[in-house]
Amino acid sequence: MLSPARQRQLAGQSLYVALALALIVAALLPLAPGRIGVPGPDLLTAMTLAWVVRRPAQVPAPTIGAVALLADILLFRPPGLGAAITVVAAETLRRSAHRGRTQGFIVEWLRAAALMALMVLAERTLRTLFLIPPTLAPLPPLGQDILRLIATVGAYPLVVAVLHPLGLRRPSPLELNWPRR
């Protein structure tokens, strides 16, 4: 029989995976075929970072990597590049999350925004350095990446607000001793 803490961890991990799959499927839907508009936010990244800050034990690195790799494959991005960058960003945020526990939401939002900007910079740099052919995965224009970054940073508070009723809140001081594995 599983302990109640392990049950909560598995339930949270299952909810994360289910919501991530829903976001990936939503990104695949042709909502406005033929229309070129402003790029929307990367809700999967915003949700992942918010989850890592609030419930780090519920989203281990292999789960984040598997979900991000699936997103890379299904959304026709270079397989593994976005997943590796997302895992590194999530683990960076996880390691520094204990420092931000006493600070407010604005500091968390700024930390997440800085990480998102570094993620965009890292992806563009690596794709340029390793000369990934445009036929394999075309590199979007810089302006489009910047607009997506702005939209994602702007959507972060909304993602946090939507996840709050699902039980995704900052842990209380008693819950801070989550198991580290």
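## The crossing of α5 and α6

Helix α5 passes helix α6 in a right-handed crossing. This description, like the rest of the report, concerns a predicted model. Two packed helices are described by the angle between their axes and the distance between the axes. Here, the axes of α5, residues 105-129, and α6, residues 142-163, come within 10 Å and cross at roughly 150 degrees. Angles over 145 degrees count as roughly antiparallel, and α5 and α6 are therefore roughly antiparallel to each other.

On the α5 side, the residues that meet α6 are Phe-105, Glu-108, Trp-109, Ala-112, Ala-113, Met-116, Ala-117, Val-120 and Arg-124. Their counterparts in α6 are Leu-142, Asp-145, Leu-149, Thr-152, Val-153, Tyr-156, Pro-157 and Val-160.

Val-153 has its place in helix α6. With a relative accessibility of 18%, Val-153 counts as buried, because the term applies under 20%. When its neighbours within four places in sequence are left aside, Val-153 is in contact with Trp-109, Ala-113 and Met-116.

The relation of Val-153 to Met-116 can also be stated in terms of distance. The two residues are 37 apart in sequence, and their C-alpha atoms are 7.6 Å apart in space.

## Aromatic pairs

A search of the whole structure finds three aromatic pairs. One of them is formed by Tyr-16 and Trp-51, whose rings are edge-to-face, at 5.4 Å centre to centre and with 75 degrees between the planes. This pair links distant parts of the chain, since Tyr-16 lies in helix α1, residues 4-28, and Trp-51 in helix α2, residues 43-54, 35 residues apart. Tyr-16 is buried, with a relative accessible area of 1%, and Trp-51 also counts as buried, at 2% relative accessibility.

Phe-105 and Tyr-156 form a further pair: their ring centres are 6.1 Å apart and their planes stand at 15 degrees, so the pair is stacked. Because Phe-105 lies in helix α5 and Tyr-156 in helix α6, the pair ties together parts that are 51 residues apart in sequence. The two residues may be set side by side in accessibility: Phe-105 is partly exposed, with a relative accessible area of 28%, whereas Tyr-156 is buried, at 0%. Phe-105 and Tyr-156 also belong, with Trp-109, to one aromatic cluster.

At a relative accessibility of 10%, Thr-45 counts as buried. Apart from neighbours within four places in sequence, Thr-45 is in contact with Met-116 and Met-119. Met-116 is among the α5 residues that meet α6, and Met-116 is also in contact with Val-153.

## The protein as a whole

The secondary structure of the protein comes to six helices and zero strands. Read from the N terminus on, the elements run α-α-α-α-α-α.

Of the 181 residues in the protein, 36% are buried. Among contacts between residues at least 6 apart in sequence, 77% join residues at least 24 apart.

How values were computed: Residues numbered from 1 in each chain as written. Predicted model: local features only at pLDDT ≥ 70, side-chain atom pairs only at ≥ 80, totals over all residues. Heavy atoms only, no water. Axes fitted to C-alpha atoms, helices over the stretch in contact; angles between N-to-C directions. Helix = DSSP H or I, 4+ residues; strand = E, 2+ residues; numbered from the N terminus. Parallel < 35°, antiparallel > 145°, perpendicular 65-115°, else oblique. Left-handed = near helix turned anticlockwise from the far one by under 90°. Contact = heavy atoms within 4.5 Å. Buried < 20%, exposed > 50% of the residue type's maximum accessible area, 1.4 Å probe, protein only. Phe/Tyr/Trp six-rings, centres within 6.5 Å; stacked < 30°, edge-to-face > 60°.
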